[in-house]
Amino acid sequence: MGRRLKVASAQLGAVDLADKREDVVVRLVDMLREAASSGCRLVVFPELALTTFFARYFYESQEDVDRWFESTMPNAATRPLFDAAAELGVGFYLGYAELSEDDGVERRFNSSVLVGPDAAIIGKYRKVHLPGHQEPLEGALFHHLEKRYFEPGDLGFGVWRAFDSIIGMCLCNDRRWPETYRVMGLQGVEMVVLGYNTPTTNIDQRPEPTHLRSFHNHLSMQAGAYQNATWVVGTAKAGIEDGHGLLGGSCIIAPTGEIVALATSTDDEVITHNCDLDLGTYLKQTTFDFARHRRTEHYSLITERTGASLPPG
Ligand code: ING
């Protein structure tokens, strides 16, 4: 039998404003244990898993924003999760708001870490594609202020040899951009793990048919998986947070683009799959043999041009 990695997508239900990190971590540890008991070696938690999706609120003071950030990882609140990982020999991906200090300058990122079965941090990712707005929208019932509260990630899209595989990370809106997967695909990624917090209401487009949110969520990840012959694990923070809906639909997607496991609730829910890490090999050697088929001499606009510019006329 080829290389196998049993992975879990540990979907988290709502985290309200009043919820403490410590209580959320208890929920994460419970799901880690559930995944470990079924033989999983890697557990994928959501984006910003420790707190409510605070980017929906407008805060005047930086102090009020910073209460949602972690200045170290692990820290007192998350230590129980790292300890459980070491005890169980199970690794995990965790999304959180990172407050770091570089040469005395405070920097804020929407980040994730990949943690090994020994609870050591293998790699860190900082969200590149920040959706939403810099300033609150006049009269909006809720906001999406990731461009205000975070800097764009400065670490690029890396991959790491771990769990007998090649693992890549991204976060939420990144999954909608083909460049995200392709940069990792060009590094031989075999499994992309990501978390998301996706509001069920589109702040920019009303009314948007509600089914489209879910369709676009899976379309983006399935396309990224197939076009780069990689597994994709997408884990939601879901449910109603203080009255604001977040999409569920956590899933595990094969390199063929097929969804092989899908959450059915919007609560804490563990879904698993024993992934054949060699399943994407034939695609990497045929349809998506990049070296044989890609024609980079025609792709320059992708990195030279940020926004679209129309032909003359
Ligand atoms: N959330 C959403 C996401 O990309 C969004 C924002 C939703 C953008 C739907 C465009 C369309 O899933 C985060 N946190 O990126």
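A charge counts as sitting over a ring if NZ of Lys or CZ of Arg is within 6 Å of the ring centre and within 35 degrees of the ring normal. The charged end of R294 also sits over a ring, that of F290, at 5.9 Å from its centre.

Some housekeeping. This is a predicted model, where local features need pLDDT of at least 70 and side-chain atom pairs count only at pLDDT 80 or more, while totals for chains, interfaces and linings use all residues. Residues are numbered from 1 along each chain as its sequence is written, and side-chain values use heavy atoms, leaving out hydrogens and water.

Now the sheet. Helices (H or I, at least four residues) and strands (E, at least two) are DSSP runs, numbered from the N terminus. Six strands make an open sheet in the order β6-β7-β8-β9-β12-β13, with mixed pairing; two strands pair if DSSP finds at least two bridges between them. At the edges are β6 and β13 (259-262), each pairing on one side only. From one strand to the next, the twist averages 20°. β7 and β8 are parallel, paired over 5 bridges, and I167 stands opposite M191 in β8.

Helix α5 packs on this sheet, touching β6, β7, β8 and β9, and its direction makes about 155° with that of β7. Contact means heavy atoms within 4.5 Å; axes are lines fitted to C-alpha atoms, for helices over the stretch in contact, and angles run from 0 to 180 degrees between N-to-C directions. α6 lies across β8, β9, β12 (251-253) and β13, at about 30° to β12.

Which residues of α5 are buried? They are T180, Y181, M184 and G185, where buried means under 20% relative accessible area, exposed over 50% and partly exposed in between (1.4 Å probe, protein chains only). Seen down the axis of α5, these fall within an arc of 125°, so they line one face of the helix. That arc is taken from the directions from the helix axis to the C-beta atoms.

Last, the aromatics. Rings of Phe, Tyr and Trp (its six-membered ring) pair if their centres lie within 6.5 Å; planes under 30 degrees apart are stacked, over 60 edge-to-face, the rest tilted. The count comes to 11 aromatic pairs. Y59 and Y149 form a tilted one, 6.2 Å centre to centre with 50° between the planes. Y59 lies in the loop between β2 (42-44) and α2 (62-66) and Y149 in helix α4, so the pair ties together parts 90 residues apart in sequence.
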